[in-house]
Amino acid sequence: MFRTASATALCRFHSGTPDVYGKNNQVLAWYKPEVPGAAYAQVCKLASEYLLNKMPVDSKTGLPLYLVTCCFHRDGNQGVVAEEWPHNPACFYAGSVQSFAIQYYQFTGDARFIELVRGMLDYQLAYGTTPANFAWPNLPYASSDPLEKTYQGSTRWEKEGNRGDGLHVVEPDKIGELGLGYLKFFEITSDRKYLEAALHCARSLAQNVSDVHHESSPFIMAKTGQSPWPFRVNARTGVVVSEYCSNVVEPLRLFDELLRLKEVISLDTALASLFTRARQIASDWLFSRNGPMCTYIWNAYFEDIPNDPERSNRNQLTPGETAKYLMRNPNASSDIHKDVPALIHWIGSVFKTENLDAIKEQTRCYEPMGSHTARYGAVCAMWYEVTGDPYYKEQANRFLNVATYMTYSDGYVAVGLNWPGAWFSDGYSDYVRHFMDAIAAVPEWAPEGENHLLSSTSVVTSIRYEKQKIEFSTFDESSQVIMRLNSKPVKVLLNGKPASVNSWKWEPLKKGGVLRLN
């Protein structure tokens, strides 16, 4: 399947399978394999620009494919054919906010990505939101029937044993996920319709949370059949379709951000109290003996899986995202130096592909995929940033290198080495952000000789790159920013005034260096 090459050899522009090896038989990235990390920004560029510039219009609906289907493939003439598989808009659009409107925009300054994502969110609000008279009102659908203009859950498998969501069914974890996307997009644009959409999401989650973590005795068995929110619920009737979902970090992220901004957005006191209570219930459950940090029942995320009352299907996405959440919110755990390595090593033990540094999606679909491999690499890179342990840097490099092979030279991103079709989530919105996270954690992997803003603790609302100057604004008045620059700055201004010497730090690299700005 593979052919070997020296560490300095250049492979063909893209092969679709790993074909460049370095020391210890490690797979090297297909682009500039002799420069560690060089391929990571390159595959982000190819994938992002493909989505922006090369996406065909669906002949049936007249809409870009990403609005009406989850996936597509090439035909024999290298054209693109939509696949009739249930769409997953909430997941894809939420990831697009993070990948393109936040991270790739701040990395490039290309405002076209803001407008790309605006079109996605506006479409979801107009054609994929539950009616105001439903039991779960004004909320985003996680799925829809393929090549249909209106989202209202997927009916494809309703007569086949409850696989998929079903008509009018929503997924509360995606309500949290896209709710945060709406909120972040409000921070970027100041358009309050996105804030209102985020508040609708948070309000329904808070009103429908179940307190399931309390036990009266240490000798009572753990109760693993329920979670604070179900995986699937009929939004029209309120009837629960599937009770258990381990993915509470998405609602937590939404509540955290709304509560952080409560003064800025004039959040009603009663609503803030409601959000605080729901947030506490979810956080307590996550770490309780009923919750997945104890049971490791990481179950229920993907919208096209059957209901799983035995909770037998495991996935790596939720524990990976939980690890990211804990690293960004270290106070959420009593001991992240115990919890995060446990999550990393569990994912690596359960989902690593035999004889290849690649991560499989879930035990029901036990197939290595690019986005999940990149996620694992990003988590390892972020943990290296926290600990300085070189083992995690090496692991990040190994897995991210393999993940680059899913991107073809024109920006088409296959799902996996054995899966040539493309998914908008797996190949784009849930792919680019992991490379961006890794580069921010290990800035030496950012492109040499170029200037890029790698990360900011506050959303970047505008940024302009010039030959001798970078000018940017953030939503918050204070922020921590990391930049890779081709030379040490001669001047740093904050709000038009010279920054104090204590507010920024320069770390030289072989070429250029890293600016850390407070």
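## Packing of H9 and H11

At what angle do helix H9 and helix H11 pack, and how far apart are their axes? Helix H9 (residues 317-328) and helix H11 (residues 370-387) pack at about 25 degrees, and their axes lie 10 Å apart. Axes are lines fitted to C-alpha atoms, for helices over the stretch in contact, with angles running from 0 to 180 degrees between N-to-C directions. Helices (H or I, at least four residues) are DSSP runs numbered from the N terminus. H9 and H11 are therefore roughly parallel to each other, a term for angles under 35 degrees.

The residues of H9 that take part in the contact (heavy atoms within 4.5 Å) include Leu317, Glu321 and Arg328, and those of H11 include His372, Arg375 and Trp383. By class, the contact of H9 with H11 has eight nonpolar, two polar and four charged residues. Here Ala, Val, Leu, Ile, Met, Phe, Trp, Tyr, Cys and Pro count as nonpolar, Asp, Glu, Lys and Arg as charged, and the others, Gly among them, as polar.

## Packing of H2 and H4

The axes of helix H2 (residues 89-108) and helix H4 (residues 172-189) cross at roughly 30 degrees and come within 8 Å. Among the residues making this contact are Tyr93 and Val97 of H2, together with Lys174 and Phe185 of H4. The contact of H2 with H4 comprises 10 nonpolar residues, one polar and three charged.

## Salt bridges

The structure holds 32 salt bridges, each a side-chain nitrogen of Lys or Arg within 4 Å of a carboxyl oxygen of Asp or Glu. One of them joins Lys174 to Glu171, with the closest N and O atoms 2.6 Å apart. Both Lys174 and Glu171 are buried; buried means under 20% relative accessible area, exposed over 50%, and partly exposed in between (1.4 Å probe, protein chains only).

Asp437 and Arg328 also meet through their side chains, at 2.9 Å from N to O. Asp437 lies in helix H14 (residues 432-441) and Arg328 in helix H9, so this pair ties together parts 109 residues apart in sequence. Asp437, at 7% relative accessibility, counts as buried, whereas Arg328, at 45%, counts as partly exposed.

## Basis of the values

The model is predicted: local features need pLDDT of at least 70 and side-chain atom pairs count only at pLDDT 80 or more, while totals for chains, interfaces and linings use all residues. Residues are numbered from 1 along each chain as its sequence is written, and side-chain values use heavy atoms, with hydrogens and water left out.

Notes: Helix = DSSP H or I, 4+ residues; strand = E, 2+ residues; numbered from the N terminus. Parallel < 35°, antiparallel > 145°, perpendicular 65-115°, else oblique.
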